[in-house]
Amino acid sequence: MSTTPRVSSAIAGEPAHFGSVLAHQPAIAESFFALYGRFWGSDVLAARIKEVARMRNARVTECGFCRNVRFDKAVAQGLGEEVLDDITDGYETSGMLTDTEKAVLRFTDALIHDPELLTGDAKAALQRHLTPAQIAELGLGVTLFLALAKALITMGLEPEVMDRTVLPTPAVLEAAE
Amino acid sequence: MSAVCAALAADPVLASHYADFRGKTQAALNPALVALVRQAVATVHGIDSAPIDESTLDEGTRLCLAYARRMPFEHTAISDAEAAAVALHLGEAGFVAFSVLAALADAECRAELVDLPGLVGG
C-alpha cells in the first residue's frame, strides 16, 4: 500500500489529499460533497451509528486516514475512544457497544467483506433494530465509506503518520442548496 | 438501477444526490470503458458471468480492466507501477474518475450481494 500520492493536487499550494485530488474532476467533487453532506446531515440514522459503520470499514479496508478521523457529531453523541476500541474483531462480546450497533457492524462486515455473514439471524437483528429508512441510509453510507476508502488507498493518499483528528461533520453548504 | 438507488427509493432527495454522483463519475469517462469496468468488477464478484472479449481492446483498456479487477479483493496490493500505467493511459483527471468509478462499482456489487433493496423492503 502506497503512501506516495499517485495523483497530484489540482489546487495550487495544497498537498495531495482527497479534496485537492478530486478537484481534477470538479463536477464529481461538487456532487460527492453535496451527497456526503446530505447523508451526514440527515438524522434518519444517528451520526453515532453511521460513525460506528465508518470506523469498522476503516479498519477492515486498512484506510489509515479514515481510521484516524473522528466526526464531531458522533463524538457529541457519546462515541468515545473506549467504544471505538471495541470496533474490532470480537465486537460481538463488547459491553460498550449496543445491540443496535452490533447489528449494524454485522451488516457492515457482510457488505464490505463477505455477504455470507448476513445470516438469517443477522438480517433479522438488523431489521428489528432499524427501520427500512434507516437501513437504506446505512446501506448508502457503507457503500460510500467503502468506495471512498478504496479510492483513497489506490490513489496513494494514505498518510504516513496521522494523529487522531476530530473534524466537523460533513454538512450541506447552504450556497449549494 | 443499482442496488443502492433501489434501496433509496423512499428518500427521493438522497436518491437524487446519489444518482447525480454516480452519473457525474460515469460521465467523466468513455461510456464503453465505464461499461467494461462495471462488467469486469461484477464478474469478479460472480454477478455477471458474461466474459469480456479483450481481443479487440487496446492495450490501455486492457490495463484498466486488469486494474479494476483488483479493486474488490486486492486494492491494497495495487502497485505504484500499475497505477502509473493506468494514469498514463487515462491522464491524471481520468485516473481520478476511474479510481472513483472502480471503487464505487465494487461497493455497488457488494450492496447487491447483501440484497440491500430486499433488506429495506422487509
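**Second pocket**

I started with the elements around the second largest pocket: H3 and H9 of chain A and helix H4 (59-74) of chain B each supply at least two residues of its lining. This is a predicted model, so I am reading computed values throughout. H4(B) gives the most here, with three residues. I then looked up the volume and got about 200 Å³. The lining runs to 14 residues, and nearest the centre I found Val60(A), Ile112(A), Pro72(B), Phe73(B) and His75(B). By class I noted six nonpolar, four polar and four charged residues in this lining.

**Largest pocket**

Next I went to the largest pocket, which has a volume of about 730 Å³. Its lining takes in 31 residues, and those nearest the centre are Phe18(A), Phe32(A), Phe33(A), Tyr36(A) and Pro170(A). Which elements of chain A each supply at least two residues of this lining? I listed H1, helix H2 (26-41), helix H3 (47-61), helix H4 (64-68), strand E1 (69-71) and H9. H2(A) gives the most, with six residues.

**Cavity**

About 90 Å³ of space lies in the largest cavity. From chain A its lining has Phe18(A), Leu22(A), Phe32(A), Leu144(A), Ala147(A), Leu148(A) and Ala151(A). From chain B I noted Phe21(B), Val100(B), Ala103(B) and Leu104(B). The elements giving two or more residues to this lining are helix H1 (18-22) and helix H9 (132-154) of chain A, together with helix H6 (92-113) of chain B. H9(A) has the largest share, four residues. How does the lining of the largest cavity divide by class, I asked, nonpolar, polar or charged? I got eleven nonpolar residues, no polar ones and no charged ones. Going back over my lists, I see Phe18(A) and Phe32(A) in the cavity lining, and both are also among the residues nearest the centre of the largest pocket.

**Interface**

Then I looked at how the two chains meet. The contact takes 44 residues from chain A and 44 residues from chain B. The chains bury about 3700 Å² between them, with 71% of it on carbon and sulfur atoms. In chain A, the residues that lose the most area to chain B are Arg6(A), Ile28(A) and Lys150(A), together 17% of what that side buries.

**Helix pair in chain B**

H6(B) came up in the cavity lining, and I followed it to a packing partner. Helix H5 (residues 80-90) of chain B packs on H6(B) at an angle of about 120 degrees, and I have the axes 6 Å apart. What is the hand of the crossing of H5(B) and H6(B), left-handed or right-handed? I have it down as right-handed. On the H5(B) side the contact is made by Ala83(B), Val86(B), Ala87(B) and Leu90(B). On the H6(B) side I listed Glu92(B), Gly94(B), Phe95(B) and Phe98(B). My class tally for this contact reads six nonpolar residues, one polar and one charged.

Methods: Residues are numbered from 1 along each chain as its sequence is written. Chains are lettered from A and ligands numbered from 1 in the order in which they are written. This is a predicted model: local features need pLDDT of at least 70, side-chain atom pairs count only at pLDDT 80 or more; totals for chains, interfaces and linings use all residues. Side-chain values use heavy atoms; hydrogens and water are left out. On a 1 Å grid over the protein atoms alone, a cavity is a set of points where a 1.4 Å probe fits but cannot get out, and a pocket is an open set with protein on both sides within 12 Å along at least five of seven lines; lining residues have an atom within 4 Å of a point. Grid points are joined across faces, edges and corners, and a volume is the space filled by probe spheres set on the points. Ala, Val, Leu, Ile, Met, Phe, Trp, Tyr, Cys and Pro count as nonpolar, Asp, Glu, Lys and Arg as charged, and the others, Gly among them, as polar. Axes are lines fitted to C-alpha atoms, for helices over the stretch in contact, and angles run from 0 to 180 degrees between N-to-C directions. A crossing is left-handed if the near helix is turned anticlockwise from the far one by less than a right angle, and right-handed if clockwise. Contact means heavy atoms within 4.5 Å. Buried area is the accessible area (1.4 Å probe) that two parts lose on being put together, summed over both.
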